[in-house]
Amino acid sequence: MSFRKSTSRRSFLQNTAGLGLTAAVSTLGCASGRRSIASRNKHPNLVFIFSDQQRTGELGCYGHPTIQTPNLDRLAREGTVFDNCTSCTPVCTPYRACMLSGQYPLHTGMFLNDLLMPTDITTVAHALRNEGYRTGYIGKWHLDGQNRGGFTPPGPRRQGFDDFWAVANCNHNYMKAYYYRDNNPEPVWVKGYEPDAQTDLAVEFLRSNPQDQPFCLFVSYAPPHNPYNELPKSYQIYGPDDIIVRPNCPEPNLDDLTGYQAHITALDRNVGQIMRTLDVLGEAEDTLIVYTSDHGDMLGSHRQQRKQRPWDESVRIPLIVRCPGRIPKNRRCRTLVNTPDLMPTLVSLCGGEIPQNVDGDDLSKAWQGKTNSGPDSAYISNIISFSEARGLPEWRGVRTDHYTYVCTQDGPWMLFDNQNDPYQMENQIDAPQFREVRRKLEHQLDRWLDRTGDTFQAPEDYLRQFGYEVDPQWKHIPYVNKIG
């Protein structure tokens with residue numbers, strides 16, 4: 001099974017690997033042999049790429065035998081793959097606020113979709129701007145309140161991404177997409193597949209960066225989030241016979257799975273273009289590049305769909321990190337990484353100052369291979385079961401290198417031995433042989449509840465506490481989609 005060739009206007013960058021470096025740089029209109037200021041000081045560039053709703057198992061570097069992800073596999077060979085990265089509250093807006101701020105959802109109030117992120121929080125972009133970085137954000141935002149189609153004006157609501165802005169708050173129409181550019185409140189409509197256009201914008205950002213200034217670029221792709229089959233035919237390379245169904249998925253929707261994997265391979269191709277651009281510009285050696293996702297997708301595993309679930313298909317996400325000379329090559333790391341840990345770790349690796357009110361742990365030493373130690377567990381939660389999680393009980397839990405433990409307000413719910421039962425098919429919550437394990441995990445969860453200020457109240461109590469009004473049926477913040 002081979003990738004179909006595309007004759008798009010973007011074919012040049014897909015083939016620059018065959019050019020000499022000088023010729024490729026010259027074609028891009030840049031001085032050959034360019035070296036940024038990042039090579040001469042403590043500030044590496046940062047390119048943070050994240051997809052939406054991508055679970056860990058669907059990548060070659062995480063062991064999938066048939067899905068085509070050659071560029072992410074290359075990134076893994078040249079960097080470090082983390083096997084225990086979790087989304088602390090596995091749904092879009094809560095993750096994004098947590099990732100940018102390093103704070104848990106109950107500290108920011110960002111535990112529902114379509115909330116406006118507070119503007120008095122220091123984000124990773126603020127911290128790096130303080131170090132002289134040029135900041136840019138491209139793609140899905142989903143932090144600007146109830147109008148998913150609206151324009152986010154310049155200023156505090158952009159959370160420190162002040163230099164380059166090409167953003168749609170929340171759009172999942174991948175073949176009829178749009179974005180708002182910089183200060184213009186009129187939408188720019190995309191021709192073709194949205195991630196392709198976003199990658200073009202990322203290349204533009206990288207090419208336009210001043211030689212003497214480190215940069216921080218976030219690229220937020222919306223696929224492989226459903227709709228699974230909304231992508232060009234040239235990317236639809238998988239058929240039902242190519243799908244390897246997970247053992248915990250009794251009734252697979254093969255149409256969904258083929259589209260889901262096609263999106264992932266399409267994103268891999270776009271990540272490859274960003275990587276090649278860094279190579280051509282001479283910036284790869286000075287750039288910390290990160291690939292991850294906001295949460296996973298159940299896709300029929302345990303007869304569940306989408307996110308906000310405590311199983312690994314929803315909670316466990318990929319994390320691949322490369323920075324030559326700073327991040328070890330071809331390494332697997334089992335250190336636990338949770339969403340709030342990303343902000344302080346990135347800021348530390350980029351030579352910035354971590355704000356006092358950050359909840360997450362600075363794991364930069366573990367990322368650099370200087371230690372294998374880290375947190376003994378990751379705190380995971382579903383504070384309100386809204387939208388697609390209606391009917392699911394609210395839950396809190398911990399995930400360790402070995403186990404997942406989850407409880408609801410009615411008591412203990414799940415205990416999985418992830419090392420011996422990687423598909424979480426045997427719930428050991430009442431098994432006598434796991435009694436001591438359960439006791440230790442309950443103690444860890446209690447410590448996390450104390451640390452995060454989570455009193456595990458009824459969802460209605462949190463809504464009253466923060467003054468949120470939700471749709472009575474869907475339990476979510478009512479939203480509109482008014483474009484322009």
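Modeller: Two strands count as paired when DSSP finds at least two bridges between them, and the elements themselves are DSSP runs numbered from the N terminus, namely helices (H or I, at least four residues) and strands (E, at least two). The model is predicted, so local features need pLDDT of at least 70 and side-chain atom pairs count only at pLDDT 80 or more, whereas totals for chains, interfaces and linings use all residues. Residues are numbered from 1 along each chain as its sequence is written, and side-chain values use heavy atoms, with hydrogens and water left out.

Colleague: Which residue in β10 is the bridge partner of Thr292?

Modeller: The partner of Thr292 in β10 is Leu319, while Phe50 stands opposite Thr292 as well. Strand β9 (residues 287–293) pairs with β1 (residues 45–52) in the parallel sense over seven bridges, and with β10 (residues 319–322) in the antiparallel sense over four bridges.

Colleague: Are the faces of β9 covered or exposed?

Modeller: In a regular strand the side chains alternate between the two faces of the sheet. Here Thr287, Ile289, Tyr291 and Ser293 on one side, and Leu288, Val290 and Thr292 on the other, are all buried, where buried means under 20% relative accessible area, exposed over 50%, and partly exposed in between (1.4 Å probe, protein chains only).

Colleague: At what angle do helices α4 and α10 pack?

Modeller: Axes are lines fitted to C-alpha atoms, for helices over the stretch in contact, and angles run from 0 to 180 degrees between N-to-C directions. Helix α4 (residues 92–101) and helix α10 (residues 339–349) pack at about 30°, with their axes 6 Å apart. That makes α4 roughly parallel to α10, because angles under 35 degrees count as roughly parallel, over 145 as roughly antiparallel, 65 to 115 as roughly perpendicular and the rest as oblique.

Colleague: Which residues are joined by a cis peptide bond with omega of about 5°?

Modeller: That bond joins Pro223 and Pro224, and Pro224 lies in strand β8 (residues 215–224). Another cis bond, with omega about 10°, joins Asn226 and Pro227, and Pro227 is in the loop between β8 and α8 (254–280).
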